[in-house]
Every structure is written in C-alpha cells, then in structure tokens.
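Here is a short walk through one model and its helix packing, written for someone who likes to know the cut-offs. Have a look at the sequence and the coordinates before reading on.

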Amino acid sequence: DGHPQHRATILHGGMVWAITGAFHLGALEFAIHCAIDWGKCEGISSFAFDQFLHILCKGLWVAMVLVA
C-alpha cells in the first residue's frame, strides 16, 4: 500500500492539478512535496520549516497561474 505520507503527497499533487488545470504544476507539487517531506523525515529540516516550504510552494503555484 505504501506509506500514508506518500498517499497524501499524491493527493496534494492531484489537488494542485485539479484546481489550476495545469498538470505540470501538479507534477511539480508532487515532486517538491516528496522532497520536502523526505527532508523532514530525515531530520534535515524542522516541522515548522517543512510547513513554511509547503506554504511557499502553494504561493508559487498561485503566482505562476496568475502570470500565465
């Protein structure tokens, strides 16, 4: 089945795709979300920094949609 964290990451990518209509943004969300979560799980970043990066990504997706 995989780790529950992976299912949540797929959901995040799918939601970005569904909301923006841009597959490439959903794929970027998935890949970056995986990397951010990996860093948190490996102890490279804190929970607070993990959340900051996730919010920053969402803002980036919004900016990319508005500029396009």
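## Ground rules

This is a predicted model, so to speak of local features takes a pLDDT of at least 70, side-chain atom pairs count only at pLDDT 80 or more, and totals for chains, interfaces and linings use all residues. Numbering starts from 1 along each chain as its sequence is written, and side-chain values use heavy atoms, with hydrogens and water left out.

## How H2 and H3 pack

Two packed helices are described by the angle between their axes and the distance between the axes. Here the pair is helix H2 (residues 23-41) and helix H3 (residues 47-67), with an angle of about 170° and axes 10 Å apart. That makes H2 roughly antiparallel to H3. On the terms: helices are DSSP runs of H or I with at least four residues, numbered from the N terminus. Axes are lines fitted to C-alpha atoms, for helices over the stretch in contact, and angles run from 0 to 180 degrees between N-to-C directions. Angles over 145 degrees count as roughly antiparallel, under 35 as roughly parallel, 65 to 115 as roughly perpendicular, and the rest as oblique.

The crossing of H2 and H3 is right-handed, meaning that the near helix is turned clockwise from the far one by less than a right angle. On the H2 side, the contact is made by Leu25, Leu28, Glu29, Ile32, His33, Ile36, Asp37 and Lys40. H3 brings Phe47, Asp50, Leu53, His54, Cys57, Lys58, Trp61, Met64 and Val65. Contact here means heavy atoms within 4.5 Å. Sorted by class, this contact has ten nonpolar, two polar and five charged residues. For that count, Ala, Val, Leu, Ile, Met, Phe, Trp, Tyr, Cys and Pro are nonpolar, Asp, Glu, Lys and Arg are charged, and the others, Gly among them, are polar.

## Two salt bridges

Side chains of opposite charge can pair when their charged atoms come close. The structure holds two salt bridges, each being a side-chain nitrogen of Lys or Arg within 4 Å of a carboxyl oxygen of Asp or Glu. One of them joins glutamate 29 and lysine 58, at 2.8 Å from N to O. This pair links distant parts of the chain, with glutamate 29 in H2 and lysine 58 in H3, 29 residues apart. Glutamate 29 is buried at 1% relative accessibility, while lysine 58 is partly exposed at 28%. The cut-offs are under 20% relative accessible area for buried, over 50% for exposed and in between for partly exposed (1.4 Å probe, protein chains only).

Lysine 40 and aspartate 50 also form a salt bridge, their closest N and O atoms being 4.0 Å apart. Lysine 40 lies in H2 and aspartate 50 in H3, so the pair ties together parts that are ten residues apart in sequence. Lysine 40 is partly exposed at 25%, and aspartate 50 is buried at 0%.

## A few single residues

Which residues does tryptophan 61 touch, leaving aside its neighbours within four places in sequence? They are Val16, Leu25, Leu28, Glu29 and Ile32. Tryptophan 61 sits in H3 and is buried, with a relative accessible area of 3%. Its C-alpha atom is 17 Å from that of aspartate 50, eleven residues away along the chain.

Histidine 12 lies in helix H1 and is partly exposed at 32%. Beyond four places in sequence, histidine 12 is in contact with Glu29, His33 and Lys58. Glu29 and Lys58 are also the partners in the 2.8 Å salt bridge. Finally, serine 45 is in the loop between H2 and H3. Serine 45 is buried, at 16%, and touches Ile36, Gly39 and Lys40, not counting residues up to four places away.

How values were computed:
Helices (H or I, at least four residues) and strands (E, at least two) are DSSP runs, numbered from the N terminus.
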